[in-house]
Amino acid sequence: TTRVPTTDGPRMSTTPSSIKPRQLSHLHAQLAQLSANLADLENLLRMTSVQAESIRGLGAFHGGLFMAASKVLGEEMVAG
């Protein structure tokens, strides 16, 4: 058997005047949550940027250590 949708139930109107206050308050709460999440994301991105600069400095320092170790070990190989 095939079921045909009935139109006996209440119909939802799409006019702005029919939006329920509960829906508006729910949207307002979601917007507030989105705003808070965006603020958190902004802070995390700022912190990530600072950490990336620090990691870059650590990489340069590490490279310097490798070059120094290479020079010391190279001199020992020549002397030995």
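The following conversation concerns a predicted model of one protein.

Student: How many helices and strands are in the protein?

Tutor: The predicted model has one helix and zero strands. That helix, α1, covers residues 21-79.

Student: What share of the residues is buried?

Tutor: Buried residues account for 0% of the 80 residues in the protein. The protein exposes about 7800 Å², and carbon and sulfur atoms supply 65% of that area.

Student: Which residues make the nonpolar surface patch?

Tutor: The patch is made by Leu 31, Leu 34, Leu 38, Leu 41 and Leu 45, and its area is about 500 Å².

Student: Where is Leu 34 found, then?

Tutor: Leu 34 is found in helix α1.

Student: Is Leu 34 exposed or partly exposed?

Tutor: Leu 34 counts as partly exposed because its relative accessibility is 47%, and the class of exposed residues begins over 50%.

Student: Changing topic, how many salt bridges does the structure hold?

Tutor: The structure holds two salt bridges. In general, side chains of opposite charge can pair when their charged atoms come close. One of the bridges joins Arg 46 to Glu 42, with the closest N and O atoms 3.1 Å apart.

Student: How many residues apart are Arg 46 and Glu 42?

Tutor: Arg 46 and Glu 42 are four residues apart in helix α1, which is about one turn of the helix. Arg 46 is partly exposed at 45% relative accessibility, and Glu 42 is also partly exposed, with a relative accessible area of 45%.

Student: And which residue does Glu 53 meet in a salt bridge?

Tutor: The side chain of Glu 53 meets that of Arg 56, at 3.6 Å from N to O. Both residues lie in helix α1, three residues apart, again about one turn of the helix.

Student: Why does Arg 56 count as exposed?

Tutor: Arg 56 counts as exposed because its relative accessible area is 62%, and the cut-off for that class is over 50%.

Student: What feature does UniProt place at residues 24-51?

Tutor: The UniProt record, an unreviewed entry, places a "coiled-coil region" there.

Student: What is the helix content over residues 24-51 in the model?

Tutor: Over residues 24-51 the chain is 100% helix and 0% strand. The end C-alpha atoms of that stretch are 40 Å apart.

Conventions
Residues numbered from 1 in each chain as written. Predicted model: local features only at pLDDT ≥ 70, side-chain atom pairs only at ≥ 80, totals over all residues. Heavy atoms only, no water. Salt bridge = Lys/Arg side-chain N within 4 Å of Asp/Glu carboxyl O. Helix = DSSP H or I, 4+ residues; strand = E, 2+ residues; numbered from the N terminus. Buried < 20%, exposed > 50% of the residue type's maximum accessible area, 1.4 Å probe, protein only. Patch = residues over 30% accessible without salt bridge, like charges linked within 9 Å, V, L, I, M, F, W, Y side chains within 5 Å. Areas by Shrake-Rupley, 256 points an atom, 1.4 Å probe, with all protein chains shown as cover. UniProt positions renumbered as here; feature names shortened; annotations may be inferred.
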